[in-house]
Amino acid sequence: MIYLDAHATTPVDPRVLDAMLPFLRDQVGNASSLDHAAGRRTLDAVDAARRQVAALIGASHKDIVFTSGATEADNLAIKGVAGSAPDRSERRGDHIVTVATEHRAVLDTCRHLEARGCRVTVLPVGADGLIDPAAVEAALEPRTILVSVMAANNEIGVLQPLAAIGRLTRARGILFHTDAAQAFGRIPLDVNAMGIDLLSISAHKIHGPQGVGALYVRTRQPAVRLAPLFDGGGHERGLRPGTLNAPGIVGLGAASSLAATEMVAEAVRLSSLRDRLLDGLRAAIDGVHVNGSLAHRLPHNLNVSIDGADETLASRLDGLAVSAGSACASGSIEPSYVLRALGVPAPRAHGTLRFGLSRFTTAAEIDQAIAIVRDGVERLRAERSAQAASVPRP
Ligand SMILES: *Cc1c(COP(=O)(O)O)cnc(C)c1O
């Protein structure tokens with residue numbers, strides 16, 4: 001099986017697994033049970049991971065809160081800000097600005113708050129999938145408490161102009177959250193240079209384990225105040241109670257440290273493989289359309305719509321794991337809301353494939369993948385024209 005679905009999840013790097021195994025096997029210890037050396041060793045490992053994660057975004061290790069993943073981090077950031085806005089202040093904020101192409105973890109969280117009295121502005125994107133900072137600026141109000149714009153999109157891979165947005169929010173004292181699940185460890189991020197106050201991270205998108213992530217929460221200039229999602233203990237500065245997932249956190253730390261040393265070279269390698277994939281698809285198949293800006297894009301992402309294809313294409317490609325651009329919602333097949341936000345017409349959006357290249361993807365696999373997609377599209381087109389021919393003409 002050729003695995004090209006890295007935006008859904010990535011295989012755990014064997015070096016990450018090696019770092020984790022002692023904490024699943026011999027190294028017993030609760031990171032908050034410090035009356036003995038075993039607990040202290042686990043705490044030391046968690047602290048080392050905290051530094052590894054922080055280093056990748058130019059943050060202090062004190063500003064990293066470990067979570068179960070980016071979904072929880074998004075919830076904690078957005079509900080946390082909304083829940084901590086001072087009640088009795090005359091200037092109580094209640095307005096959030098976000099973008100139509102955000103992950104469900106952000107959009108659904110904003111909807112949840114909207115049902116409880118917050119106002120949410122969901123900004124449109126251009127045909128290239130990018131948000132215009134001027135549109136963010138125009139949406140800001142005196143009562144805006146938070147702007148949430150993702151760093152890189154999970155379907156089309158486009159990179160949003162974080163630094164420009166950070167300058168706008170910083171100038172007005174509005175908090176800036178970014179869901180960086182796809183960007184962390186893939187492209188350089190710097191919370192200070194980009195004016196970011198809250199940043200969501202997931203381990204399993206960067207060859208770490210599933211079920212662990214982090215939220216960067218700025219503690220200085222300004223100190224961000226968050227209401228926790230859970231009650232139950234003082235762990236993680238009181239923001240995320242519960243026994244820490246030490247093996248997972250060690251895995252996230254190891255994955256972050258590998259990304260720190262390998263990210264730049266890996267981006268060069270993966271973007272050249274991605275270009276090979278696109279060139280190969282275009283040469284083998286006519287009617288291939290790239291969705292989203294190619295210039296402002298993750299190195300390992302490709303998202304194309306193919307004329308004459310439909311939502312069944314991805315699941316018909318034997319030996320190739322890629323994702324369709326449609327989500328099956330309550331029995332009916334809905335085209336991706338991300339593609340719809342770009343203005344991609346529904347019929348074209350249905351015939352979409354999302355490719356996510358992995359650290360372990362080879363050029364030979366890319367060439368095989370091109371041939372598998374070409375054959376799949378040819379079969380599908382032949383079936384469709386046979387069906388069309390069998391329809392009795394009036
Ligand atoms: C995968 C992903 C998430 C969810 O991350 P989990 O760690 O699986 O909860 C959130 N946002 C984006 C952009 C993602 O790609």
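I began with the domain centres: over C-alpha atoms, domain 1 and domain 2 have theirs 29 Å apart. The chain splits into domain 1 (15-258) and domain 2 (263-384), with bounds from an automatic or database domain assignment.

A note to myself on ground rules: this is a predicted model, where local features need pLDDT of at least 70 and side-chain atom pairs count only at pLDDT 80 or more, while totals for chains, interfaces and linings use all residues. Residues are numbered from 1 along each chain as its sequence is written, and side-chain values use heavy atoms, with hydrogens and water left out.

**Where the domains meet**

I looked up contacts (heavy atoms within 4.5 Å) and found 29 residues of domain 1 touching 24 residues of domain 2.

**The cores**

Next I turned to nonpolar cores, which are sets of buried Ala, Val, Leu, Ile, Met, Phe, Trp, Tyr and Cys residues joined through side-chain atoms within 4.5 Å. Buried means under 20% relative accessible area, exposed over 50%, and partly exposed in between, using a 1.4 Å probe and protein chains only.

The largest core has 62 residues, and those touching the most other members include Ile 57, Phe 66, Phe 184 and Leu 252. Helix α7 (residues 246-284) gives the largest share of this core, seven residues; helices here are DSSP runs (H or I, at least four residues), numbered from the N terminus. Both domain 1 (15-258) and domain 2 (263-384) give residues to this core, so it lies between them. Apart from it I found another core of 27 residues, among them Leu 270 and Phe 355.

I then followed Phe 184. Beyond its neighbours within four places in sequence, Phe 184 contacts Val 53, Leu 56, Ile 57, Leu 189, Ile 201, Ile 206, Leu 252 and Ser 256.

**The ligand**

Which residues surround the ligand? My list includes Gly 69, Thr 71, His 103, Asn 154, Asp 179 and Lys 205, each with a heavy atom within 4 Å of the ligand.

I also checked polar contacts (pairs of N or O atoms within 3.5 Å). A polar side-chain atom of Gln 182 is 2.7 Å from a ligand oxygen atom. For Ser 202, a side-chain N or O atom is also 2.7 Å from an oxygen atom of the ligand, and for His 204 the distance from a polar side-chain atom to a ligand oxygen is 2.8 Å. The ligand taken alone exposes 380 Å², of which the protein buries 87%, by the Shrake-Rupley method with a 1.4 Å probe.

**A last stop: Leu 168**

Leu 168 sits in helix α6 (residues 162-172). Its relative accessibility is 13%, so Leu 168 counts as buried. Not counting residues up to four places away in sequence, Leu 168 touches Pro 133, Val 136 and Glu 137.

Conventions:
Helices (H or I, at least four residues) and strands (E, at least two) are DSSP runs, numbered from the N terminus. A polar contact is a pair of N or O atoms within 3.5 Å; within protein, one must be able to donate a hydrogen and the other to accept it, and residues adjacent in sequence count only if both atoms are side-chain atoms.
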